[in-house]
Amino acid sequence: MSAGKRMHRVHVVTEPLSDYVRFECGWPYEHTVEAGEDVRLIVVSGDDWPAALPHYDYWLFDPSRIVAMYYDEAGRFVPAS
């Protein structure tokens, strides 16, 4: 990126994918990746959640800045912390 910053996204998704997650993995991520963002998906099947895997996705702005992302029961984004 032009400011010397790197942006990484880890998105934990459960199968089956919701309509919104299918949309997000298609069109929006295509454009953020083209802009230089590194997007990684972790796919978890149903109730088979690995013990060491956090129950949230996050933005990793640099090696010392991680911002957790949360969603409400309806799947709406809740402000990051």
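I looked up helix H1 (residues 19-34) and found both Phe23 and Trp27 in it, four residues apart, about one turn of the helix; helices (H or I, at least four residues) and strands (E, at least two) are DSSP runs, numbered from the N terminus. The model is predicted: local features need pLDDT of at least 70, side-chain atom pairs count only at pLDDT 80 or more, and totals for chains, interfaces and linings use all residues. Residues are numbered from 1 along each chain as its sequence is written, and side-chain values use heavy atoms, leaving out hydrogens and water.

I searched the whole structure for aromatic pairs and got three. For Phe23 and Trp27 the ring centres are 6.3 Å apart and the planes at 20°, so I logged the pair as stacked. Pairing takes rings of Phe, Tyr and Trp (its six-membered ring) with centres within 6.5 Å; planes under 30 degrees apart count as stacked, over 60 as edge-to-face and the rest as tilted. Together with Tyr20, Phe23 and Trp27 form one aromatic cluster.

I then checked accessibility (buried under 20% relative accessible area, exposed over 50%, partly exposed in between; 1.4 Å probe, protein chains only). Phe23 is partly exposed at 43%, and Trp27 is exposed at 54%.

Tyr71 and Phe77 have ring centres 5.6 Å apart and planes at 65°, so this pair is edge-to-face. Tyr71 is partly exposed at 33%; Phe77 is partly exposed at 42%.

Last, I looked up His8, which lies in strand S1 (residues 8-15). His8 is buried at 19%. Its side chain makes a polar contact with the side chain of Asp38 at 3.1 Å; such a contact is a pair of N or O atoms within 3.5 Å, where within protein one must be able to donate a hydrogen and the other to accept it, and residues adjacent in sequence count only if both atoms are side-chain atoms.
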